[in-house]
Amino acid sequence: MRLDKFLVDCGVGSRTEVKQLLKQKKITVNGNDKLTGKFQLDPQKDQVFFRGEKLVYEEFCYYLLNKPKGVISATEDERHQTVIDLLDDRARHKEIFPVGRLDIDTHGLLLLTNNGKLAHAMLSPKKHVAKIYRAKIEGIMNQSDVDYFKEGIVLKDFTTLPAKLRILEVDHQTAMSYVEIEIAEGKFHQIKRMVAACGKKVVDLERISMGPLELDFDLKQGEWRRLTPIELDSLKQFGVSL
């Protein structure tokens, strides 16, 4: 790999900035500071330092975001703030994108990466990756709704796969229900439509898990962190290189 590409991918700067840093001898490879951008290196073997700090090359990056309401699951948009806007410069440089989407008024767990093969595997209809949501419902959910979810709900354009509805709490005084819903697909407005088919309305929706990943409740809405080694290891079940 060319040294200038390595440095840009590590977030050191643009190609122009990297060129200047090399001239200023701010970069060393195995102790050598007489370098140009064309210098060829092995990212796995060579020791690259920038201002005394060792650089570690990552082909893929993984971000766990607690998506807030009002932000769209897209890489760019002229009218709304996107989930990419919440991340750091490195994420934008590495062309991170969201794995799937959450509606603009839905909050909670969102995985972002530049690993297209992983995203494809996690979103593949054949994989039936489970996604769990917590929802506040206007209306009283009951056992008949649980059974309806379990059977698969017939909507206008498709019939859902069997889903799990768990009633956490019911407030008869305010006619509100608090539930957990697990689905194995992710059609447009699917949970809202399923609840509507039961004659109720979703007033708040939060995703708390997707496959092996769980929402980090230490993250406030809008905050993010990189995946931990344990979380990365859990993604190996999808059979792609991380």
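A residue counts as buried when its relative accessible area is under 20%, and as exposed when that value is over 50%, with partly exposed in between. Keep that cut-off in mind as we walk through this structure, which is a predicted model.

## Salt bridges

Let's start with charged side chains. Side chains of opposite charge can pair when their charged atoms come close. In this model the count comes to 17 salt bridges. One of them joins Arg15 and Asp4, whose closest N and O atoms are 3.0 Å apart. Arg15 lies in helix 2 (residues 15-23) and Asp4 in helix 1 (residues 3-9), so the pair ties together parts that are eleven residues apart in sequence. Is Asp4 buried or exposed? With a relative accessibility of 9%, Asp4 counts as buried, while Arg15, at 47%, counts as partly exposed.

Another salt bridge brings together the side chains of Arg134 and Glu180, at 3.0 Å from N to O. This pair links distant parts of the chain, because Arg134 sits in strand 7 (residues 131-138) and Glu180 in strand 9, 46 residues apart. Arg134 is partly exposed at 35% relative accessibility, and Glu180 is buried at 16%.

Arg225 and Glu231 form a salt bridge too, with their closest N and O atoms 2.8 Å apart. Glu231 is buried, its relative accessible area being 13%. Salt bridges can also share partners: Arg101, Asp103, Asp105 and Lys192 are joined into one network in this way.

| Pair | Closest N to O distance |
|---|---|
| Arg15 and Asp4 | 3.0 Å |
| Arg225 and Glu231 | 2.8 Å |

## Helix 5 and its two sides

Now for a helix. Which residues of helix 5 (residues 143-151) are buried? They are Asp145, Val146 and Phe149. These residues cover an arc of only 105 degrees around the axis, which puts them on the same side of helix 5.

What do the buried residues of helix 5 pack against? Their partners are strand 8 (164-171), strand 9 (176-183) and helix 6 (190-197). After helix 5 comes Gly152, with a positive phi near 100 degrees.

Next, the nonpolar side chains. In soluble globular proteins, nonpolar side chains tend to be buried together. The largest nonpolar core of this model has 33 residues, and Leu112, Phe149, Ile181 and Ile191 touch the most other members. Among the elements that give two or more residues to this core are strand 4 (62-67), strand 6 (107-113), helix 5, helix 6 and strand 10 (201-210). Leaving out residues up to four places away in sequence, Ile191 touches Tyr133, Ile181, Ile183, Val202 and Leu205. There is also a second, separate core of 18 residues, which includes Phe60, Ala121, Val129 and Leu215.

Val195 is in helix 6, and at 0% relative accessibility it counts as buried. Val195 and Phe149 are 46 residues apart in sequence, and their C-alpha atoms are 9.0 Å apart in space. The two residues also touch: setting aside residues up to four places away in sequence, the contacts of Val195 are Ile137, Phe149, Ile181, Lys200, Lys201 and Val202.

Asn66 belongs to strand 4 and counts as buried, at 5% relative accessibility. What does the side chain of Asn66 reach at 2.8 Å? The side chain of Asn66 reaches the backbone oxygen of Leu219. Leu219 is also among the contacts of Asn66 beyond four places in sequence, including Gly108, Leu215 and Gly222.

Tyr178 is in strand 9, and at 28% relative accessibility it counts as partly exposed. Tyr178 and Gly139 are 39 residues apart in sequence, with 9.7 Å between their C-alpha atoms. Not counting residues up to four places away in sequence, Tyr178 touches Ala135, Lys136, Arg166, Ile167, Leu168 and Glu169.

Key:
Residues are numbered from 1 along each chain as its sequence is written. This is a predicted model: local features need pLDDT of at least 70, side-chain atom pairs count only at pLDDT 80 or more; totals for chains, interfaces and linings use all residues. Side-chain values use heavy atoms; hydrogens and water are left out. Buried means under 20% relative accessible area, exposed over 50%, partly exposed in between (1.4 Å probe, protein chains only). Helices (H or I, at least four residues) and strands (E, at least two) are DSSP runs, numbered from the N terminus. The arc is that of the directions from the helix axis to the C-beta atoms. Contact means heavy atoms within 4.5 Å. A salt bridge is a side-chain nitrogen of Lys or Arg within 4 Å of a carboxyl oxygen of Asp or Glu. A nonpolar core is a set of buried Ala, Val, Leu, Ile, Met, Phe, Trp, Tyr and Cys residues joined through side-chain atoms within 4.5 Å. A polar contact is a pair of N or O atoms within 3.5 Å; within protein, one must be able to donate a hydrogen and the other to accept it, and residues adjacent in sequence count only if both atoms are side-chain atoms.
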